[in-house]
Amino acid sequence: MSISDGRPVLAVASECAPMVKTGGLADVVGALPMALAPQGWAIRTLLPGYRSVLAAFPRARVLADLPDLLGLPARLLGVSRGALDLLILDAPALYDRDGSPYLDENGQDWPDNDVRFAALSLAAARIARDGVGDWRPELVHLHDWQAGFVPIYLDQLGVNLPTVLTIHNIAFHGLTSADRMARLELSPARFNVNGFEYFGQVSALKAGLVGATAINTVSPTYAQELTTPDYGMGLDGVIRARAADMSGILNGIDTDTWDPVRDPAIQWYRLPSGKAANARLLRQEYGLDDGAGPLSIVVSRLSDQKGLDLLLAALPDYLAAGGQLALLGSGDARLEQAWRAAADANPGQVGVRIGYDEALSHRMYAGGDAVLVPSRFEPCGLTQMYGLRYGAVPVVARTGGLADTVIDANAAALAAGVATGILHASHSVSALAHALQRLCALHADTATFRRIQKNAMKHPVGWDASAPLYGALYSRLVDERTISQ
Ligand code: ADP
């Protein structure tokens, strides 16, 4: 079946791999069309026409004019690449600039982010109403706050279509001040506690949470955590109120792009010789000594969420036990500085690259003995799944999707032959330090460690289990809407 044969869905997102990516959101948005095609769904993905996206598709076709999009000129372009069928919102006043999707060159939020993503949401609502040619979606899939206003605009335009909002990270609320409502063409009728008001401000995420027909997040454990004040980031009450419409569907990874046997970025790969060869190269690349202990890797945004300050505190004991660490990441300036200092203080044992480098990340999963993910919270997490697939044993905090994807190497799991990694309590330096001691001990027991690596590499991390869950959710919402009409 070709991808375009399925039932039509419009996805709305601010990132989509491989064109534009700052984190896991992009991987998931990029993977879902392929994953859901066999379920009978054909997803078209609406993406902002960032400078880099337009440059990647100079021959994109003009599909429609979208005049007066929040007072600005805009067009809709269309292009296909592999399984992706993209609708690109070309609005130069909003997206034709250098910098990342959300930040300017100085790392500050673009001051007009509210307009930039409200325009994306309004364009989606107009597409849902008018279609594109004879194409009309049966459902709109919203990703994170950047698509949060879609249900409000659909309502304002009088369009009755089911919507799903996927929460990839509830930390980002898309807040703007109440006096921006007119600029965003939002009716003030919804500016109240049951609508998109959030303590006197306007919240795009809350607009989606209260307005979408159904909500899901990217792991069952995070879905549960979101109902609690510790994890709900001020929106746990809203989530609890929508408990009947809320579910957790674990992310998968693209097992073609992330395939240790065929990955062009790494050496030919098989345990144990392939791992050893890739580890040798990685040590060279990072200027690390030949070591007998485990080579751990971190590939991460450097933000408070990721717990890498906890790892800095746990580092001395780990290094004393013979461990080594290679880190690739960027973000918070203080963390970047602290990690550079850790590398300077521990030459040959700790290597740090500040930046974003997709190909290097592949070499790291291939060469690492372990991948460390000590997050304070983690909606799903993808890096532990890349680690599983490439035999880099995940050492992860017991939270969110990390808890749902890694089986701790405790005595029972080792005896049953199912262990894939190491879990530790989140938020705790001592628990992390203890987990790293366990890693060193397991690594020294070569036969056991190899068994864990083999289990890890066999663990299913693709979309086979989750794609039918999304398919069933889509079907239920479309069918319920049809019956109620
Ligand atoms: P989040 O979305 O919170 O950043 P995830 O684990 O869900 O975390 O996804 C992170 C994705 O971004 C993974 O694909 C990871 O490999 C990638 N990534 C993060 N930082 C870097 C980096 N500095 N260089 C290359 N890839 C990175």
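Colleague: What do S4 and S5 form, and how many residues lie between them?

Modeller: A hairpin, with 2 residues between the two strands. Gly-82 sits in that turn and has a positive phi of about 55°. Keep in mind that this is a predicted model.

Colleague: How do you know that S4 and S5 are paired?

Modeller: Pairing takes at least two bridges between the strands. Strand S4 (residues 75-81) and S5 have 7 bridges, in the antiparallel sense, so they count as paired. One example is Gly-78, whose bridge partner in S5 is Leu-87.

Colleague: And what makes S2 a partner of S5?

Modeller: The cut-off is again at least two bridges. Strand S2 (residues 41-48) is joined to S5 by 5 bridges, so the two pair. Here the strands run parallel, and Thr-45 has Leu-86 as its bridge partner in S5.

Colleague: Why is S5 called largely enclosed?

Modeller: Buried means under 20% relative accessible area. In strand S5 (residues 84-90), 6 of the 7 residues are buried, so the rest of the structure largely encloses this strand.

Colleague: Let's turn to charges. Why is the contact between Glu-358 and Lys-21 called a salt bridge?

Modeller: A side-chain nitrogen of Lys or Arg has to be within 4 Å of a carboxyl oxygen of Asp or Glu. For Glu-358 and Lys-21 the N to O value is 3.4 Å, so the pair qualifies. These partners are 337 residues apart: Glu-358 belongs to helix H13 (residues 358-367), while Lys-21 is in the loop between strand S1 and helix H1.

Colleague: Why is Glu-358 called partly exposed?

Modeller: That label lies between buried, under 20%, and exposed, over 50%. Glu-358 has a relative accessible area of 32%, so it is partly exposed. Lys-21, at 22%, is partly exposed too.

Methods
Residues numbered from 1 in each chain as written. Predicted model: local features only at pLDDT ≥ 70, side-chain atom pairs only at ≥ 80, totals over all residues. Heavy atoms only, no water. Buried < 20%, exposed > 50% of the residue type's maximum accessible area, 1.4 Å probe, protein only. Helix = DSSP H or I, 4+ residues; strand = E, 2+ residues; numbered from the N terminus.
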